[in-house]
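Please read the following report beside the sequence and the model.

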Amino acid sequence: MKKILKIEVSDEMRERATIEAEKRDAHIKHHFEVEHLSYEERDALGFIGEFACCELLGLDWKDNIRDNYRTIDDFDFSLGDKKIDVKTETVPPNYARKILRKEIGDNELYGRRLINKGQFKLLNKYDIVIFSLFVRENLDYWFPIGYIETNIILKEYKPTKKRPDGGYYPFSACPVPTSILKPITDLMSVNN
């Protein structure tokens, strides 16, 4: 089995993410809520995801912190000539294992990566979306799942509330099948 990539979250990342989330809070529109995290915690985890992704890709995450958040950003950071957006979610342990081992079916619960309908219109600002996760009961490690070019998402997938298994997502979202994501290792040599 292939080694599962992960980044250990440092105290510095966690502290800075909390600071940045507080600075951005007055200027952000929250597109959804989750029961297991407050919106402050969720926003901080989003920043940690960006910071950890930069670290994995050989970028200094501190260089990508904005001066202010009065406007929506065009992307999270650049990698070569590509504009990158990082999506980070929390997943229960049993599903996280299946996702990271690439053993989850696209039509299973947690088998698709979701882009909230409110964020869907922003996809044309990015070239690539990187999906990542935290295991819900252990927020000490960030795990990349994979990436996809935004033009593929815009062409092939549209927001919906209906899941493939007949259930419903908690909010209208663009469900990207996990199986089509490319390995993050393809991006790791871009800056080296």
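This is a predicted model: local features need pLDDT of at least 70, side-chain atom pairs count only at pLDDT 80 or more; totals for chains, interfaces and linings use all residues.

Residues are numbered from 1 along each chain as its sequence is written, and side-chain values use heavy atoms, with hydrogens and water left out.

**The five-stranded sheet**

Five strands form an open sheet of mixed pairing, in the order S1-S6-S5-S3-S2. Strands (E, at least two residues) and helices (H or I, at least four residues) are DSSP runs numbered from the N terminus, and two strands count as paired if DSSP finds at least two bridges between them. Strand S1 (7-8) and strand S2 (77-79) stand at the edges with a single partner strand each, so one side of each is left without a neighbour in the sheet. S1 runs antiparallel to strand S6 (residues 138-149), to which two bridges join it. Helix H3 (residues 93-100) lies across S3, strand S5 (128-135) and S6, and runs at about 140 degrees to S5; such angles run from 0 to 180 degrees between the N-to-C directions of axes, which are lines fitted to C-alpha atoms, for helices over the stretch in contact.

**The three-stranded sheet**

A further open sheet is formed by three strands in the order S4-S8-S7, with antiparallel pairing. Its edge strands are strand S4 (112-116) and strand S7 (160-162), each of which pairs on one side only. Neighbouring strands of this sheet are turned by 65 degrees against each other on average, direction ignored. Five bridges join S4 to strand S8 (residues 168-177), whereas two bridges join S7 to S8. The hairpin of S7 and S8 has five residues between the strands, and in this hairpin Gly166 takes a positive phi near 95 degrees. S8 is mostly covered, since seven of its ten residues are buried, where buried means under 20% relative accessible area, exposed over 50% and partly exposed in between (1.4 Å probe, protein chains only).

| Residue | Partner |
|---|---|
| Lys162 | Tyr168 in S8 |

Asp85 is found in strand S3 (residues 82-91) and counts as buried because its relative accessibility is 4%. Its side chain makes a polar contact (a pair of N or O atoms within 3.5 Å, one able to donate a hydrogen and the other to accept it; residues adjacent in sequence count only if both atoms are side-chain atoms) with the side chain of Lys87, at 3.0 Å. Leaving aside neighbours within four places in sequence, Asp85 is in contact (heavy atoms within 4.5 Å) with Asp76, Tyr126, Ile128, Val129 and Ile130.

A nonpolar core is a set of buried Ala, Val, Leu, Ile, Met, Phe, Trp, Tyr and Cys residues joined through side-chain atoms within 4.5 Å. The largest has 29 residues, of which Leu57, Phe77, Ile130 and Leu187 touch the most other members. Helix H1 (11-25), helix H2 (39-56), S2, S3, S5 and S6 each supply at least two residues of this core, and the largest share, nine residues, comes from H2. A second, separate core of 22 residues includes Leu100, Tyr126, Tyr157 and Leu181.
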